[in-house]
Amino acid sequence: KADGHDFIPQAVQKGASAVLSERRSALFPDLTQIVISDAKTATAVAAATFFGHPTNRLKVVGITGTNGKTTTSMLVHSILCAAGNTAGLLGTISYRVSNREIPAPVTTPDAIELQRYFSDMLAGGAKWAVMEVSSHSLVQKRVACTRFEIAAFTNLTRDHLDYHKTMEAYREAKGILFEMLPADGHAVVNADDPAGEYMAGRAKCSVLSWGVGPTRAGVSSQVNVRTWSTSMLGTTMSLETSQGTIDVRSRLVGNHNVRNIACACACGLAAGIHPDIIKQGVETVSTVRGRLEQVDCGQGFSVLVDYAHTDDALANVLQALREMTVGRLIVVFGCGGDRDKGKRPMMGAVAEQWADLIVVTSDNPRSEPPEAIVAEICGGIRDRSRCRVQVDRAEGIREALRIAKSGDTVLVAGKGHEQYQIFKDTVKPFDDRKIVKEFFEGIV
């Protein structure tokens, strides 16, 4: 929304002794100005150099894909810690750096902050760092000059087309991570996803593939989930690997988490960790904030909060809950403003396919009128008798809770771990879980 060159006067006023930019500023003829063609790459080079190229000594696992990055990264982090390693973690929920947990403003930090965090991790004794790598960060060169030991691919479905414009460009952005791997690195790819073969082709190093059940025609996997079952109590699964069978009992629920666990286990094997330790690391993770997180206030029905904000993610969690719900499945969700508009009716259609009752509400409307976003979602819902509209998100959640009866499941989707709601001119505190708890405590 802005051109960084416009801030040169402000930087000089605050004491900048030099400026690195893509064009010279005539306002300051005596200022040291370094003019280059690509400021983003130059920033990453400068940052990595300033902090002493920390990833030459820190082993980095980068995880990319549309869905599953957060859960998979937390599982990989737990596996590395179970193996006796000190490890940092950078992701959508928070950054864990040298015994500090920092709220995450974005999934992947900018180049300067990223290299600073890597340096701090090393200073704190870390041997590994696990990070979510967004498509934006790859295109914007935030991770340039980062040496990755392992790169993992979860899946590719529609998202961020407001930025990338086409699925081909989105896929190519993800592929940059695998092109960055050194010859002695490891690519971990999803054999069940058509884009997995593409990611493997971008890598010039060893490839370890994983799959769930019968793999896609013509594509075999080296880590196979042979059997699995999932309920509200958790997931049991058996993975067949070259290092032996890994039998896992996890508190995480849903078939999509079977895939996340499989990907994390494959990363553990790529890191040279024994299957018994991988099992221990996976089973240590009992919940991931805002990812099918249960809110239990003693009510007679299940309430879960999830970050699902794409049609594929919403389909995954609704399908998982459909199989585990005795009564009705009720979903509350909206779509973010100033983001890919094409997915809005698609999410409406997915909700209609899997849920019994839909409450369409706001997410983060940003600069768009919430009513307009809601109308586009409803455009994908054919049977409007199953749909209720409540633009106010808090009231939409309360409406779903008032409707729910014993045996039902209520899913509040879209914001997950977030504790704010973004409007045109303001950001207000907002937490789906808090709204649910206050409802049952009789505060509202």
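1. In this predicted model, the second largest pocket takes at least two lining residues from each of β1 (18–21) and α2 (39–50). The largest contribution comes from α2, which gives five residues to that lining.

2. The volume of the second largest pocket is about 490 Å³. Its lining comprises 17 residues, and those that lie nearest the centre are Gly4, Leu20, Ser21, Ala39 and Thr43. Sorted by class, the lining of this pocket holds 10 nonpolar, four polar and three charged residues.

3. Next, the sheet. Six strands make up an open sheet with mixed pairing, and their order is β14-β15-β19-β16-β17-β18. The edge positions belong to β14 (293–294) and β18 (387–389); each has a single partner strand, so one side of each lacks a neighbour in the sheet.

4. Within the sheet, β16 and β19 are paired in the parallel sense, over four bridges. Val332 is placed opposite Val412 of β19.

5. Two helices should be noted alongside the strands. Helix α12 packs on the sheet and touches β16 and β17 (357–360). The direction of α12 makes about 165° with that of β16. Helix α15 (residues 432–440) also packs on the sheet, where it touches β14, β15 (302–306) and β19. For α15, the angle with the direction of β15 is about 160°.

6. Val410 belongs to strand β19 (residues 409–413). Is Val410 buried or exposed? Val410 has a relative accessible area of 0%, and it therefore counts as buried, the cut-off being under 20%. Leaving aside residues up to four places away in sequence, Val410 touches Phe301, Ser302, Val303, Leu304, Ile330, Ala400, Leu401 and Ala404. Between Val410 and Gln10 there are 400 residues in sequence and 50 Å in space, C-alpha to C-alpha.

7. Two backbone angles deserve a check. Most residues other than glycine have a negative phi. Cys145, however, has a phi near 70°, a positive value. Cys145 sits in the loop between α5 (135–139) and β8 (150–153), and it is partly exposed, with a relative accessible area of 32%.

8. Asp338 is a further residue other than glycine with a positive phi, here near 60°.

Conventions: Residues numbered from 1 in each chain as written. Predicted model: local features only at pLDDT ≥ 70, side-chain atom pairs only at ≥ 80, totals over all residues. Heavy atoms only, no water. 1 Å grid on protein atoms, 1.4 Å probe; cavity = no way out; pocket = protein on both sides within 12 Å on 5 of 7 lines; lining within 4 Å. Points joined across faces, edges and corners; volume = space filled by probe spheres on them. Nonpolar A, V, L, I, M, F, W, Y, C, P; charged D, E, K, R; others polar. Buried < 20%, exposed > 50% of the residue type's maximum accessible area, 1.4 Å probe, protein only. Contact = heavy atoms within 4.5 Å. Pairing = 2+ DSSP bridges. Axes fitted to C-alpha atoms, helices over the stretch in contact; angles between N-to-C directions.
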